[in-house]
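Dear colleague,

Please find below the structure I am handing over to you. My notes on it follow directly after.

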Amino acid sequence: DQSTARSTERMSLVAKEDFQHIIRVLNTNLEGKRKVPFALTAVKGIGRRIATLACKKAKVDITKRAGELSREEVDKLVDVVTRPLDYNVPVWFLNRRRDFRDNTSAQITSNDLNSKLREDLERLRKIRAHRGIRHMYGAKVRGQHTKTTGRHGRTMGVAGGQ
């Protein structure tokens with residue numbers, strides 16, 4: 001019967017007994033009702049591409065909801081994200097290539113990402129690089145025009161003529 005087939009196609013999410021609504025991964029709470037790759041994007045430093053790749057490398061079904069994952073699958077995903085080079089992820093896929101200090105490439109996430117960014121900006125300020133000075137003054141860094149844009153938070157100069 002066609003009406004029965006149609007109703008099974010549009011089934012809503014029915015939570016199983018072991019369904020978790022919130023999962024703690026890499027110091028971030030993930031929503032259990034979202035699909036795994038999209039739930040992973042809540043972690044800072046993980047976008048949709050690396051999340052999908054991590055699911056494929058960890059052999060986790062990307063159509064699954066994050067709350068349906070077993071503890072082993074979550075651990076495997078975390079392992080792939082934290083050590084992607086061990087799972088043959090190409091270097092160009094990573095978000096930290098050729099680190100300034102140790103010349104290694106890695107995928108950095110959450111708190112590590114914030115600290116690395118802070119260290120990089122501090123280094124640029126310390127060596128008085130042009131980028132560092134622009135960051136220090138809160139000005140545009142990447143060569144944008146500043147005459148008429150980006151004026152928020154500053155006074156506008158002379159108020160109207162006569």
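The findings below concern salt bridges and one arginine in a loop.

The model is predicted: local features need pLDDT of at least 70, side-chain atom pairs count only at pLDDT 80 or more, and totals for chains, interfaces and linings use all residues. Residues are numbered from 1 along each chain as its sequence is written, and side-chain values use heavy atoms, with hydrogens and water left out.

The whole structure holds ten salt bridges (a side-chain nitrogen of Lys or Arg within 4 Å of a carboxyl oxygen of Asp or Glu). One of them joins Arg 96 to Asp 99 at 2.5 Å, N to O; both residues are buried (under 20% relative accessible area, with exposed over 50% and partly exposed in between; 1.4 Å probe, protein chains only). Arg 96 and Asp 99 also belong to a salt-bridge network with Lys 116 and Asp 120.

Another bridge pairs Glu 73 with Lys 64 at 3.1 Å, N to O. Glu 73 is buried because its relative accessible area is 19%, whereas Lys 64, at 23%, is partly exposed.

Arg 97 sits in the loop between helix H4 (71–82) and helix H5 (110–126) (helices being DSSP runs of H or I, at least four residues, numbered from the N terminus). At 48% relative accessibility, Arg 97 is partly exposed. Its side chain reaches the backbone oxygen of Trp 92 at 3.1 Å. The C-alpha atoms of Arg 97 and Gln 107, ten residues apart in sequence, lie 8.3 Å apart.

Kind regards

Note on methods: Helix = DSSP H or I, 4+ residues; strand = E, 2+ residues; numbered from the N terminus. Polar contact = N/O pair within 3.5 Å; in protein donor to acceptor, adjacent residues only side chain to side chain.
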